[in-house]
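Good morning, and thank you for the time on today's agenda. Please bring the model up on your screens, and I will then talk through it region by region.

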Amino acid sequence: EYVARRRGVVCSPDEVVIVNGTQQAITVLARALVDEGDAVAIEDPHYQYAHHALRAHGAQLIAVGTDSEGLDCGALPRNGVRLVCVTPAHQFPSGVEMSLTRRMALLRYASEHGCWIVEDDYDGEFRYETRSVPALRSLDMHGRVIYVGSFSKVLFPALRLGYMICPRSVRDDIVGAKRFDDLGSSPI
């Protein structure tokens, strides 16, 4: 109900996987979806700990530039990648919001190449002068977006509480990878 109301993402409880923050989400996704040598596209610039987590799991990172409309989808590799990691609501660190044109281009790319999009929505709820833009996942008609959210900014960072909304086709793999990480989240 929260993500539907605040971010436009309609899902059922069985699509939600609780994690210990965004960093664990990226690590779990890398473990579940990336094989050694797989190409992973990531915004340039991007959050450095995402780079470290993906490289630690054997990903070959491909830096894709950003501009005033967000990720330059025309610069994505023609032969596809395994994952594309983006912060479309508020690109980190530039703060740019990905345009609707770019969002649709990215979703087409993922559908055509069979790759996954990791939408890191680390602070999508925060808008002071305008309404929040709907999440990329809310536009996804082909089940290619894995939405990652966190309560670190809304509540407080030490809580270490985040979540992923996963397409059913990969949910069991992600739950399995999470189980190997820590056998479950804090009871809190």
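G95 sits in the loop between β5 and α4 (100-113), where helices (H or I, at least four residues) and strands (E, at least two) are DSSP runs numbered from the N terminus. This is a predicted model, in which local features need pLDDT of at least 70 and side-chain atom pairs count only at pLDDT 80 or more, while totals for chains, interfaces and linings use all residues. Residues are numbered from 1 along each chain as its sequence is written, and side-chain values use heavy atoms, with hydrogens and water left out.

Is G95 buried, exposed or partly exposed? With a relative accessible area of 28%, G95 is partly exposed; buried means under 20% relative accessible area, exposed over 50%, and partly exposed in between, with a 1.4 Å probe and protein chains only. Its C-alpha atom is separated by 9.1 Å from that of G70, 25 residues apart along the chain. The loop between β5 and α4 also holds P93, and the peptide bond from F92 to P93 is cis, with omega near 10 degrees. A further cis peptide bond runs from D44 to P45, with omega near 5 degrees; P45 belongs to the loop between β2 and α3.

Let me turn to the overall fold. The protein chain contains five helices and eight strands, in the sequence pattern α-β-α-β-α-β-β-β-α-β-β-β-α. Of its 188 residues, 48% count as buried. Contact here means heavy atoms within 4.5 Å. Among contacts in the protein chain with a separation of 6 or more, 70% come from residues 24 or more positions apart.

The sheet is next. Eight strands form an open sheet, ordered β1-β8-β7-β6-β5-β2-β3-β4, with mixed pairing; two strands pair if DSSP finds at least two bridges between them. At the edges are β1 and β4 (70-71), each pairing on one side only. α2 packs on this sheet and touches β1, β5, β6, β7 and β8 (162-165), its direction making about 155 degrees with that of β7. α3 also packs on the sheet, touching β2, β3 and β5, at about 170 degrees to the direction of β2. For these angles, axes are lines fitted to C-alpha atoms, for helices over the stretch in contact, and angles run from 0 to 180 degrees between N-to-C directions.

Consider the strands around β2 in detail. β2 and β3 (residues 60-67) pair in the parallel sense over six bridges, and A39 has Q60 as its bridge partner in β3. β2 is also joined to β5 by three bridges, and these two strands run parallel. In β5, V40 has L83 as its bridge partner, and A41 has V84. Together, β2, α3 and β3 make a right-handed β-α-β unit: with the strands pointing away from the viewer, the path from the first strand over the helix to the second runs clockwise.

Within α3 we find H51. H51 counts as buried because its relative accessible area is 11%. Neighbours within four places in sequence aside, H51 is in contact with I42, H46 and L61.

α2 has twelve residues and reaches 16 Å from its first C-alpha to its last, close to the expected 16 Å; the expected span is 1.5 Å times one less than the number of residues. How many of the residues of α2 are buried? Nine of the twelve are buried, including Q24, V28 and L33.

I close with the cores. A nonpolar core is a set of buried Ala, Val, Leu, Ile, Met, Phe, Trp, Tyr and Cys residues joined through side-chain atoms within 4.5 Å. The largest has 27 residues, and those with the most contacts inside it are L29, L54, L83, I146, M164 and I174. At least two residues of this core come from each of several elements, among them β1 (16-19), α2 (22-33), β7 (145-150) and α5 (168-182). α2 gives the most, with six residues. A second, separate core of 17 residues includes A41, V64, L71 and V86. Returning to I146, its contacts beyond four places in sequence include L29, W116, M164 and I174.
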